[in-house]
Amino acid sequence: VTLARVAEGARRSASGSLAAAILVEGAAPEEREKPSIAAAARAVEALEAGLRLHDEILDLGPGEDGGDPGIVASGLGGAWLLGSGAESIAELGDVAAAMWGDAAHRIVRARMIEFGDLYDAGRTPARYLSTAELGSGSLLSLAARLGALASGADQRTLAALDEFGRELGVAAQIRADLAALDDPDRPAALRVGAGRYGLPVLLAIEADPGIAGLLGKPLGGEGLATALERVRSAGGAERAGEELRRRVSGARSALDAVSGTESLAEIASGVEADLAEAAE
Amino acid sequence: VSERAPIVDQAEVVVVGGGPAGSVAAATLAELGRDVLIVDQSSFPREKPCGDGLTHSAVEVLEELGLQALAEEGQPVEDCRIVIAHGTETKGWYRPPDRIPRSRFMRTVPRRDLDQSLLDAALERGARFAQARVDEPVIEDGEARGILLSKPGGAERIDARYVIAADGATSRMRRASGIGGETAGSQVYAVRQYFTTQESLDPVFDVYVPLLYEGGLLAGYGWVFPIAEWRANVGVAYYGPPAGRPRARIRRVLDAFVGELRERQAGRFGELSDPSRPIGSPIAVHFSPDRCELGNLLFCGEAARTADPLTGEGISFSMRSARAAALAADRALRTGARPALGRTVGREFPRLGQNLSLLTRVAVGAADGFALSEAEHQRFVLAVRRVTGSAPDEPGLEATPVRELLADEDERFAESLDHVNERLLDSLRTEFPFGLETLHREVRAGAGPVAAGCALAAAGAHGDELGDRAVAAAQAAELVALADRCFPRLSPRMGSHVAWLNNAMSLLLGDLALTAALGVAVDARARCAAELGAAIRRIAEGEMLDADDLYDPGRTIERCLESLAARAGSWGFLAARLGAIASGRSDDIDAVGRYGRDLVVAHQIAEDVRDLLVGEELTRRRPGSDLREGAYTLPVAYAIEADPELRDGLSSPLSGADAGAVVVRIRESGGVEQAAAECRRFADRAAEAAAELAAPRGEALIALAGLPAARLEQVLGSPAEAATHG
């Protein structure tokens, strides 16, 4: 069950493969096929997949009282993956293991904050952005730095890649939340129904406070479609898109100080292009 | 302005605010012989918005101040009743710890009287009082030099070596000092009004949820507290939106609540008459340990935002933080050392600073629709009680068997365990609701921090000092053991808010503990991360075995032992090896690992027997909890082997009475004794391994190997007695 869910999740989620891609592209070209890079990529994938399995359980929310044995399998499978990731990262030594452990802890803290904010229509955009930086930002920052670390990068490069990862992580999170507005039946939209209010929703509330009155409780079907329509009408998507572009631009700027990072800049542009494509 | 302002007075310590926090700080300092001046803009006595409730913790502080008479004159409160939607009622919510005598149970004392008495007590001890409006602290070269008063003729200045800000939820000192900490998150508001009731009041405080307003629900509660036999303090507290957003008009919320009481609780209170003027204020929650002090400017009480984020209760926290501030100031004046107030207060009140609004929202959600079934309601009540029931007043490890045992061997182990405990508290402290509280209760439950003890004993056996690496190894090991207690609580059911909350907590707290362990492990040595990862995988595999076997009466003894080896064995193995690696030991590290594995398997069997027979008070597990949850442990497997008919009825959940009958049959079949014998076999093997490893300083390893048998003996008697009594 765990394997099936990991595979299914990997197909649906962009962030896992994005982290692995950043990790590999962050390494020097001659290093990319070395076992240490593969071990680091495994560790990042395991971290992302393990925590995503847990996230999916949280996203289910209180529903029909049936029972799903897959919940327990996913929960324990997620823990298993975290252990597996720790084993992989240990192959890279002290500094990499410390980076990985620290990022993992940050991501969990971000998820806790998000959980505490469920159904809180008063959540501010600033709080969303700081939490996204702590969560997705930490994952992509870890990926970027691990790749470079394996190539013997200096502190200045690592600091630039940290900023790159954090900015791009926020952008990727916004992109995932914008997907809620594409189709009310998509998982991202259902997450809004389950109380997870992303940046498009929060910015729409700023423009049209009446939207908050529609939220704050479990929504599905027509109620959810109505709320999402109001979010669209209030310009939530456009304003979130602007923030996404600012973050992508910030990520690209962070790379200015580092040479040989053209492929990372392309990955960042890809997040923006994906948004434009969806808009069309 | 401060340079031009005339200096009109000076004191060693100036306390801004004459409420409970200010008066307690001043009284404490005056008693220590300090020259202390309280400054408050009010003349006393004065009214103050509050529920007037003094918890047993607050009564305890009053006793320490010699003011027990004040508490005794208050109205006694013996219970808390929760009323849901003016329909279902449950009592029994006020459950002080067993150590609290009845004389220290909760009381209500109107704040007008309480604050006056506390101020009088401070003045009697030698503190001075000045009535004036304080504008801001005088800060020069980063140090507080005193305070600036606002006077009609211009600013005046009072000089001081230390300044304690106790000026309440809307603290001017806090704003003026720029210490920050105000949050964009939800804000709490409260308002109260006194009424005379037609019916006499029970010694019970009533809490009403949900809180209705204009046809919707607010996240909060209404209360009715008896302050005399015929006089009640009636009020509401609720979470509003973040500052700057439109919120409900607080007076109208109270009016709506009083209207509901008149309409739907007329039988309990009769007519509510003679209302006082309603008064309200924000409640300062969102405590942060790193925002309690700015050099020699210390914050306490609600100026340090110490109110309980769930209940809004603030007096005991205010008084305790004030004592901590006063003692810190006195120590600093004596020794010149900088106070570490935030850390002290943070350690004393670990649950502060956590945003508990989630729980309120869950409460609202559960009560939504006013259609809770009786069973669902009970489950909800149990879940909330589990979360809120026993906040760790003393989050140390002093009373845990592991610490006592190791302290008997060598005091340095006890010191290191305390250090591990501090680090555990730090690594688990997040913004999130009750995470730390729940997890730390697990650390203290049962025998206490066995994994940490095992790691320290293994590190100490090498003969080196127990340094930071050993402490980090012990912390990481204990965090992994904690995660092993979280994940198995996952349930396949997600149908209710309670089940969903249970699963969410299991995952989030498990992940928090695991990732904290990973972060810490590399502080010990890099190799620890690999050891830790492998152990986590094996533990997860063991948990999967157990999940597969839930409610399976065909579970064999071999399967139980397999699971014990995978779960308990793995974290025992890990703990001992981490300790050894941290101390630089490399020669017999596999033997150390085997010691840890056997020790912790023995420990787990002993705890499984105890769960069956006596349960665990701290984590509120009743006897037979594993059995009722379908987790058939070793004594059950042995019993089924001896008495196969026991299988009947074990393939689905048992009622409480049925579980009791099954426990009796398990005992009669000899299952408990056989499991106990198995436990002793593992413990003996650990003791043998310890004897071989002991040189040069491994006595702690040997002592720890005796722990499982001692835990068993507490519930079964000695092996000889057990044999005699069957």
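## Basis of the model

Helices (H or I, at least four residues) and strands (E, at least two) are DSSP runs, numbered from the N terminus. The model is predicted, with local features requiring pLDDT of at least 70, side-chain atom pairs counting only at pLDDT 80 or more, and totals for chains, interfaces and linings using all residues. Residues are numbered from 1 along each chain as its sequence is written, chains are lettered from A and ligands numbered from 1 in the order in which they are written, and side-chain values use heavy atoms, with hydrogens and water left out.

## Chain A

Chain A contains 13 helices and 0 strands. Read from the N terminus, its elements follow the order α-α-α-α-α-α-α-α-α-α-α-α-α. Of the 280 residues in chain A, 56% are buried, where buried denotes under 20% relative accessible area, exposed over 50%, and partly exposed in between (1.4 Å probe, protein chains only).

Among contacts (heavy atoms within 4.5 Å) in chain A between residues at least 6 apart in sequence, 75% join residues at least 24 apart.

## Helix packing in chain B

Two packed helices are described by the angle between their axes and the distance between the axes. In chain B, helix H1 (residues 20-31) packs against helix H4 (residues 111-124) at an angle of about 20 degrees, and the axes are 8 Å apart. H1(B) is therefore roughly parallel to H4(B). Here, axes are lines fitted to C-alpha atoms, for helices over the stretch in contact, and angles run from 0 to 180 degrees between N-to-C directions. Angles under 35 degrees count as roughly parallel, over 145 as roughly antiparallel, 65 to 115 as roughly perpendicular and the rest as oblique.

The crossing of H1(B) and H4(B) is left-handed, meaning that the near helix is turned anticlockwise from the far one by less than a right angle; clockwise would be right-handed. Residues of H1(B) at this meeting include B:Pro20, B:Val24 and B:Ala27, while those of H4(B) include B:Leu114, B:Leu118 and B:Ala122.

## Buried residues of chain B

B:Glu12 belongs to strand S1 (residues 7-16) of chain B and counts as buried because its relative accessibility is 18%. Its side chain forms a polar contact of 2.9 Å with that of B:Arg34. Such a contact is a pair of N or O atoms within 3.5 Å; within protein, one must be able to donate a hydrogen and the other to accept it, and residues adjacent in sequence count only if both atoms are side-chain atoms. Not counting residues up to four places away in sequence, B:Glu12 touches several residues, among them B:Asp35, B:Tyr162 and B:Leu333.

B:Leu612 lies in helix H20 (residues 589-613) of chain B and is buried, with 4% relative accessibility. B:Ile666 is 54 residues from B:Leu612 in sequence, with a C-alpha to C-alpha separation of 9.5 Å. Beyond four places in sequence, the residues touched by B:Leu612 include B:Ile666, B:Leu627 and B:Val672.

## Backbone features in loops of chain B

The peptide bond between B:Phe44 and B:Pro45 is cis, with omega about 0 degrees. B:Pro45 is placed in the loop between strand S2 (36-40) and strand S3 (53-54) of chain B.

B:Asp52 also lies in the loop between S2 and S3 of chain B. Its phi is positive, near 70 degrees, in a residue other than glycine, and B:Asp52 is buried at a relative accessible area of 0%. B:Asp274, not a glycine, has a positive phi of about 50 degrees and is found in the loop between strand S18 (272-273) and strand S19 (279-283) of chain B.
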